[in-house]
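Here are some notes to read with the model open beside you.

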Amino acid sequence: MLPPVARRFVAGESAASVLDHARRENDRGVGVICNLLGEHHRERASADADTVAYERLVADIGASDLRACISVKPSQLGLSVDEDVFRANLARVVAAGADHGVFVWVDMEDHTTVDATLDTFEEYVRDNDGGMGLCLQSNLRRTAGDLERLADCPGKVRLVKGAYDPPESVAYGEQSQVDDAYREDLAFMFREFDDGVAVGSHDPEMLTLAADLHAKHGTPYEVQMLMGVRERAQYDLAGACDVWQYAPYGTSWPAYFWRRVRERKGNALFALRAIAGG
Ligand code: FAD
């Protein structure tokens, strides 16, 4: 069972719990991006099982009146087993999304997966004429070129700074360089992406920049933040622009929960206080 301390960052263990969470967040003006926790499946059976779980979730969202969508990880759908397994499973999820009118985001994992993820995304998003979005990471040197490649594609891009730790041969090493790249990538997207821009960041400076770029270019945009992170800001922003909250769920929550706790002193203190308080 999900302990109370983990409930700040994880919606629950079941699909029903993430849908309940989505209803509560919708009432506060925030859409929810549902993510079934699980990654790096080495066996085809686990990748197929998560694919089926996503097909069911998409059908449930489609049958509801929720403002909700999904985000999948390539290695969860089989990229660590074989690229063809990933392609086949993503095709099933995308078909379910199209059938039920549910948007499908594809997360980006470590730098070695970018080519396979990007190629598959581009093929499917063009075939489907949208309905999908891809995450790109500004800490990778290649991302400015990848954005140019996707500029005339239907679908959306979620720009993040990058959660992995790539080698300097392919990535910017200093945080200030990553921030500069994020600013430049964001400016490019607001100039060139007519279908809209998704700003995946909690950084107040980047959120202000996005609002300024929107005022200048008129490009529609949405802000995406994680469940349990700057939630007050999410509700406040929801009056001014589209806000979506990325909400993970599932039984594989411990690794995700500890990653959130470790990444920031404030989160570690919150966890310690919650554990000490019972
Ligand atoms: P940072 O650069 O970490 O921090 C900048 C400032 O933001 C801080 O000084 C503080 O003011 C504020 N801030 C940041 N975090 C917090 C916090 N916990 N509490 C309070 N204030 C905070 N990464 C991937 O590699 N692949 C993905 O597919 C992916 N998907 C994502 C989806 C969403 C919706 C989001 C929000 C992030 C995703 N990420 C993904 C993670 C992303 O790459 C970053 O690691 C993460 O968002 C931290 O960067 P940042 O821009 O939020 O702020």
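1. Start with D152, which is found in the loop between α5 (143-150) and β5 (156-160). (Helices here are DSSP runs of H or I with at least four residues, strands are runs of E with at least two, and both are numbered from the N terminus.) D152 counts as exposed because it has 10 C-beta neighbours inside 10 Å. The scale works like this: 20 or more other C-beta atoms within 10 Å of a residue's own means buried, 12 or fewer means exposed, anything in between is partly exposed, and the C-beta atoms are placed from the backbone. In sequence D152 and E192 are 40 residues apart, while in space their C-alpha atoms are 8.2 Å apart.

2. A word on what you're looking at: this is a predicted model, where local features need pLDDT of at least 70, side-chain atom pairs count only at pLDDT 80 or more, and totals for chains, interfaces and linings use all residues. Residues are numbered from 1 along each chain, as its sequence is written.

3. Next, two residues with a positive phi. D129 is not a glycine, yet its phi is about 55 degrees. You'll find D129 in the loop between α4 (114-128) and β4, and it is exposed, with 11 other C-beta atoms within 10 Å. R230, also a residue other than glycine, has a positive phi near 50 degrees. R230 sits in the loop between β7 and α8 (231-237); with 16 other C-beta atoms within 10 Å, it is partly exposed.

4. Which residues come nearest to the ligand? Of the 21 around it, they are D107, V160, A163, S201 and Q224. (A residue is near if its C-beta atom, placed from the backbone, lies within 6 Å of the molecule.) The elements giving two or more residues to this shell are β4 (132-137) and β7 (221-226). The largest share, three residues, comes from β7. By class, the shell has 10 nonpolar, six polar and five charged residues. (Ala, Val, Leu, Ile, Met, Phe, Trp, Tyr, Cys and Pro count as nonpolar, Asp, Glu, Lys and Arg as charged, and the others, Gly among them, as polar.)

5. Now look at a helix pair. The axes of α2 (residues 44-63) and α3 (residues 83-100) come within 9 Å and cross at roughly 10 degrees. That makes α2 roughly parallel to α3, a label for angles under 35 degrees. (The axes are lines fitted to C-alpha atoms over the stretch in contact, and angles run from 0 to 180 degrees between N-to-C directions.) Among the residues that meet are R44, Y54 and V58 in α2, with N89, R92 and H100 in α3. The residues of this contact divide into eight nonpolar, five polar and four charged.

6. Have a look at W258 too, in helix α9 (residues 253-262). W258 is partly exposed, with 14 other C-beta atoms within 10 Å. Its C-alpha atom is separated by 33 Å from that of A95, 163 residues away along the chain.

Methods. Parallel < 35°, antiparallel > 145°, perpendicular 65-115°, else oblique. Contact = placed C-beta atoms within 7 Å.
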